[in-house]
Amino acid sequence: MREPTYFVLASLIDGPRHGYAIIKHAQEASRGRVRLSTGTLYTALDRLTTEGYVRPLETEVVNGRTRRSYELTETGATALRAEAQRMAEAARLVNDSPGLATLLSPGAKRRPV
Amino acid sequence: MNDSYLWAYPKAYRQEHGPEILSTLMDATDGRPSLRDRASLALAGLRMRASQPHGQPLRTHLRLVVQFAVALFLVHSMTSVQGITWGIATAQQGAPWWPIVPAALVLVVVGLAWFVPGRALAAACALLGIYYLIPTARFGWLPAVIPGPSDPKAWALLLFGGLVLGRDRMPRPWLAILAVIAAVPIVEWFTPTVPWVPQILISVYAAVLVALVAVWALVDARPLASLAVYAVVATADTQLLQLRDQPAGISFWTLHGWQPFLPALASLLLLPLAVWRVRRQSAL
């Protein structure tokens, strides 16, 4: 799963959001790394809808703007959790390694394994 | 709000999602979309129009890549011979009208594949019959420059007809690329017969093909992968036949050098890049 897709799905965990809210949330949650353009966002939402990962809700007009929110489906939640676990395992490999702590401690010397 | 921002999207998608996309665009850009925002929307719309893959396995895309490579080879082999268009080759055979026949046949098959894909194989078979019948009825024989039923054109035509019957429907922009290329020899037919015109047109033919596919790679890289496969096959078709028919005692390499194989070598280098791009664009 590509990073923008991950953050789009992650932005829907707490409930349905509309397009602009997804863009803002993805940018904040990724600390500015993921800046989705409108075109990229709707391409991703179209693909995710086709895959059954998200579901579009009815449109509503708020302050003259047409909004459509998207919600995470069970399939999408499962895929998102699998991706998060994959990344967590990869991170654990590094973070839980005693060798890394030793290497980063002051005055550490490299020894052959 | 300005609907022209969404010109590249398919009409049905624009009707369904247009207002929400425009609302998001206006919110995200404070009502003033930049050139970059417009370009991003145009590219996204074209990608949607190009029937972009939706997380399908790579082999599905590679099947389409092969299908389009066959189609390119079909157009190539039906509209040119030994590196030049048919005009110059057939004029000396007493059949100067011949070039328009294969080119028109390709256009008809491409048109059928566009509108009625299920009938393309039957149409390809019928057209192949006409392809050989016309010169036989006119002259009682096939002009020497028009190869017999065992030549690759027949197989490419049938293969193309058969492939469009498959479950993977070729995206319409690809058929448009084929139609433009197939139209080049017809343009040549209406051009006054002067010796240098066919050579110029075959360069135009190649340039049109490469330019169309290279630009389209921004939207969809699959035709680029097809072009690479096609270039290898087309080079093998023309150069290796020459190599086989080389008179004894003269080295092919002394006579032609390695340059004729340059497009194939470049294509072999391009192919992994194009496949990488296809894999990337198909990822979720």
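At what angle do helix α2 of chain A and helix α1 of chain B pack, and how far apart are their axes? The legends below refer to a predicted model.

**View 1. Helix α2 of chain A packs with helix α1 of chain B.** The angle is about 45 degrees, and the axes are 8 Å apart. On the α2(A) side, the contact is made by A:Gly19, A:Tyr20 and A:Ile23. On the α1(B) side, B:Glu20, B:Thr24, B:Asp27 and B:Ala28 make it. The residues of this helix contact divide into 3 nonpolar, 2 polar and 2 charged.

**View 2. Chain B meets chain A.** Chain B brings 20 residues to the contact, and chain A brings 21 residues. On the side of chain B that touches chain A, the elements giving two or more residues are α1 and α2 (35–49) of chain B. The largest share of that side comes from α1(B), with 9 residues. By class, the side holds 10 nonpolar, 6 polar and 4 charged residues.

**View 3. The largest nonpolar core has 37 residues.** The members that touch the most other members are B:Phe68, B:Ala69, B:Leu72, B:Val75, B:Leu178, B:Ala225 and B:Tyr230. Several helices of chain B each supply at least two residues of this core: α3 (58–79), α5 (100–115), α8 (172–189), α9 (197–216), α10 (222–244) and α12 (262–282). Of these, α3(B) gives the most, with 10 residues.

**View 4. B:Leu72 and its contacts.** Neighbours within four places in sequence are left aside here. Beyond them, B:Leu72 is in contact with B:Ser226, B:Leu227 and B:Tyr230. Both B:Leu72 and B:Tyr230 are among the core residues that touch the most other members.

**View 5. B:Pro173 sits in helix α8 of chain B.** Is B:Pro173 buried or partly exposed? B:Pro173 is partly exposed, because 16 other C-beta atoms lie within 10 Å. Not counting residues up to four places away in sequence, B:Pro173 touches B:Arg49, B:Ala50 and B:Trp216. B:Pro173 and B:Trp216 are 43 residues apart in sequence. In space, they are 9.1 Å apart, C-alpha to C-alpha.

Methods:
Residues are numbered from 1 along each chain as its sequence is written. Chains are lettered from A and ligands numbered from 1 in the order in which they are written. This is a predicted model: local features need pLDDT of at least 70, side-chain atom pairs count only at pLDDT 80 or more; totals for chains, interfaces and linings use all residues. A nonpolar core is a set of buried Ala, Val, Leu, Ile, Met, Phe, Trp, Tyr and Cys residues joined through C-beta atoms within 7 Å. A residue is buried if 20 or more other C-beta atoms lie within 10 Å of its own, exposed if 12 or fewer, and partly exposed in between; C-beta atoms are placed from the backbone. Helices (H or I, at least four residues) and strands (E, at least two) are DSSP runs, numbered from the N terminus. Two residues are in contact if their C-beta atoms, placed from the backbone, lie within 7 Å. Axes are lines fitted to C-alpha atoms, for helices over the stretch in contact, and angles run from 0 to 180 degrees between N-to-C directions. Ala, Val, Leu, Ile, Met, Phe, Trp, Tyr, Cys and Pro count as nonpolar, Asp, Glu, Lys and Arg as charged, and the others, Gly among them, as polar.
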